Amino acid sequence: MRESVQAEVLMSFLVSEELSFRIPVELRYETKDPYAVRMTFHLPGDAPVTWAFGRELLVDGINGPSGDGDVHIAPTRPEGLSDVIVRLQVGCDRALFRVSAAPLVAFLDRTDKLVPLGQERTFGDFECNLEEALGRILAEESAG
């Protein structure tokens, strides 16, 4: 059984109102982390940067504004498939990207064939990995 889905899309990195340039972005989804998608941004002159966030956030963001934290995704128009704005934020630093919804929908369709939305809990060792991660966090807190 296949364990991951990958795609590469071109996104416009919106530097300012007047300046933008296109960059390749790798989309990745793995059954071992069935709730998340990863976007790896290949900015010229910098090391690749990977952001991981909920697959459901990407699904919701194609159709309407979504995201309360460091990742916000929203369509440029409220009706029909349009371009999508991805805003990533760390503190006061913010990066904006614009991408056509079509390749995102195609990628999400492939992830859904691998792990249907709502069926994430039945795939991989998610519960075991979660318990192991929580155990490490609790051990670090009690040691500190």
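Me: Where does Leu19 sit?
Reply: Leu19 is in the loop between strand 1 (4-14) and strand 2 (20-30). Keep in mind that this is a predicted model.

Me: And how accessible is Leu19 there?
Reply: Leu19 has 45% relative accessibility, so Leu19 counts as partly exposed. The cut-offs behind that are under 20% for buried and over 50% for exposed.

Me: OK, going inside now. Which residues touch the most other members of the largest nonpolar core?
Reply: That would be Met39, Phe41 and Phe97, in a core of 32 residues.

Me: Take Phe41, then. What is Phe41 in contact with, leaving aside neighbours within four places in sequence?
Reply: Met11, Ile23, Pro24, Val25, Pro48, Val49, Trp51, Leu88 and Phe97.

Me: Switching to charges. How many salt bridges are there in the whole structure?
Reply: A search finds six. One of them pairs Glu120 with Arg55, with the closest N and O atoms 2.8 Å apart.

Me: What does the Glu120 and Arg55 pair tie together?
Reply: Glu120 lies in the loop between helix 2 (101-114) and helix 3 (126-143), and Arg55 is in helix 1 (residues 55-63), so the pair links parts that are 65 residues apart in sequence.

Me: Are those two buried or exposed?
Reply: Glu120 is buried, at 8% relative accessible area, and Arg55 is buried too, at 1%.

Me: Which residue does Asp109 bridge to?
Reply: Lys113, with the closest N and O atoms 2.8 Å apart. They are four residues apart in helix 2, so about one helical turn separates them. Asp109 is partly exposed at 38% relative accessible area, while Lys113 counts as exposed at 61% relative accessibility.

Me: Buried or exposed, for Glu30 and Lys32?
Reply: Glu30 is buried, with a relative accessible area of 15%, whereas Lys32 counts as exposed at 57% relative accessibility.

Note on methods. Residues numbered from 1 in each chain as written. Predicted model: local features only at pLDDT ≥ 70, side-chain atom pairs only at ≥ 80, totals over all residues. Heavy atoms only, no water. Helix = DSSP H or I, 4+ residues; strand = E, 2+ residues; numbered from the N terminus. Buried < 20%, exposed > 50% of the residue type's maximum accessible area, 1.4 Å probe, protein only. Core = buried A, V, L, I, M, F, W, Y, C linked by side-chain atoms within 4.5 Å. Contact = heavy atoms within 4.5 Å. Salt bridge = Lys/Arg side-chain N within 4 Å of Asp/Glu carboxyl O.
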